[in-house]
Amino acid sequence: MRAFCRVRLAAPILFAVLFAAPAPAAQKEIERTGGPYVPTPQVVVDQMLRIGRIGPRDFVVDLGSGDGVIVLTAVEQLKAQGFGVDIDPDLVALANGEAKKRGVADRARFYVQDVFKADISNATVVTFYLLPQMMLSLRSKVLSELKPGTRVVSHDYHFDDWTPDDQYTWDVPEKEKITGVPRATVYLWIVPARIAGTWQVKVEAPAAEAFDLTLKQRYQDIVDGVAVGSGIKERKLSQSLLSGDEISFAFLAGSDRQQFKGRVSGDTMEGTMVHAGKKISAKWTATRVKTQS
């Protein structure tokens with residue numbers, strides 16, 4: 001967790017700072033910084049990198065990077081690349097010094113910067129250890145600036161009503177000396193493509209047909225979907241799934257089921273449709289003609 005003061009607080013004092021109602025001035029400082037600097041135990045870092053499935057092809061961005069341990073571990077042990085941002089220049093200097101000491105300064109860099117102004121667009125993984133209000137404030141940045149499929153990993157705190165795609169809780173006794181709580185939870189989200197709206201779908205031969213597809217979305221959940229075509233009754237979607245830029249859905253066509261799988265790219269989609277009853281498959285494409293919020 002990043003710093004709003006450079007002195008590491010004793011556990012009872014830190015616990016009070018984190019969970020007691022702060023004075024207005026202190027609250028503003030916490031909102032600006034994300035909370036006091038709390039070192040992340042290595043065992044927690046390792047679990048964050050595990051649940052984030054980080055590997056050599058990843059570019060990791062840590063918002064509120066503190067001493068840089070998350071990026072340094074990802075770069076040194078998993079051969080990734082990345083950078084961290086923090087508003088405390090002493091911590092940034094410490095992290096850059098450690099990167100140089102470990103011989104990874106060409107792949108791990110740290111900057112003095114406000115997390116809200118950081119360019120995260122090239123990240124494949126973004127990590128956090130920030131207090132709940134800061135997490136909530138950053139949610140729109142995460143959803144609007146990251147590419148679909150980007151993995152987002154957080155320690156202990158989450159994005160309120162944006163349900164994680166995965167999470168893991170376990171005992172971490174060494175945390176009790178720092179926060180007063182001997183347990184940790186890591187959360188994983190996969191940034192979803194924006195699919196809400198009306199799409200014109202075309203299925204190629206041999207199963208040629210065309211229909212309009214209307215989708216409603218709440219984060220990674222397709223909460224409603226309807227297909228309507230010329231001379232075709234309304235078809236409610238089933239088995240709908242969105243993971244990053246991958247989408248799948250199905251509907252009944254007579255007594256048979258048509259299963260669609262594909263990828264989303266902005267205002268277009270394409271993939272393969274399997275018509276189970278007729279044992280045929282065909283390519284399909286879609287273009288968004290109306291966007292819904």
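Within α4, the residues Val69, Ile70, Val71, Leu72, Thr73, Ala74 and Val75 are buried. The model is a predicted one, and in it helix α4, which spans residues 69-78, is mostly covered, with 7 of its 10 residues buried. The cover over these buried residues includes the helices α3 (42-51) and α5 (89-101), together with the strands β1 (59-63), β2 (81-86), β3 (108-112) and β4 (125-128). Just after α4, the backbone of Lys79 adopts a positive phi of about 65 degrees.

## The chain as a whole

The protein chain contains 7 helices and 16 strands, and 47% of its 293 residues are buried. Of the contacts in the chain with a separation of 6 or more, 59% are accounted for by residues 24 or more positions apart. The chain exposes about 14,300 Å², of which carbon and sulfur atoms supply 51%.

## Arg257 in strand β14

Arg257 belongs to strand β14, which covers residues 256-265. Leaving aside residues up to four places away in sequence, Arg257 touches Ser238, Gln239, Ala250, Phe251, Leu252, Val274, His275 and Ala276. With one of these residues, Ser238, the side chain of Arg257 also forms a polar contact of 2.7 Å. Arg257 and Lys278 are separated by 21 residues in sequence, while their C-alpha atoms are 9.4 Å apart in space.

| Pair | What is described | Distance |
|---|---|---|
| Arg257 and Ser238 | polar contact between side chains | 2.7 Å |
| Arg257 and Lys278 | C-alpha to C-alpha | 9.4 Å |
| Arg50 and Tyr168 | charged end to ring centre | 5.4 Å |

## Aromatic residues

How many aromatic pairs does a search of the whole structure find? The search returns 16 aromatic pairs. A cluster linked by ring pairs is made up of Phe128, Phe159, Trp162, Tyr187, Trp189 and Tyr219. A ring also takes part in an arrangement with a charged group, in that the charged end of Arg50 sits over the ring of Tyr168, at 5.4 Å from the centre of that ring.

Methods: Residues numbered from 1 in each chain as written. Predicted model: local features only at pLDDT ≥ 70, side-chain atom pairs only at ≥ 80, totals over all residues. Heavy atoms only, no water. Helix = DSSP H or I, 4+ residues; strand = E, 2+ residues; numbered from the N terminus. Contact = heavy atoms within 4.5 Å. Polar contact = N/O pair within 3.5 Å; in protein donor to acceptor, adjacent residues only side chain to side chain. Buried < 20%, exposed > 50% of the residue type's maximum accessible area, 1.4 Å probe, protein only. Phe/Tyr/Trp six-rings, centres within 6.5 Å; stacked < 30°, edge-to-face > 60°. Lys NZ or Arg CZ within 6 Å of the ring centre and 35° of its normal. Areas by Shrake-Rupley, 256 points an atom, 1.4 Å probe, with all protein chains shown as cover.
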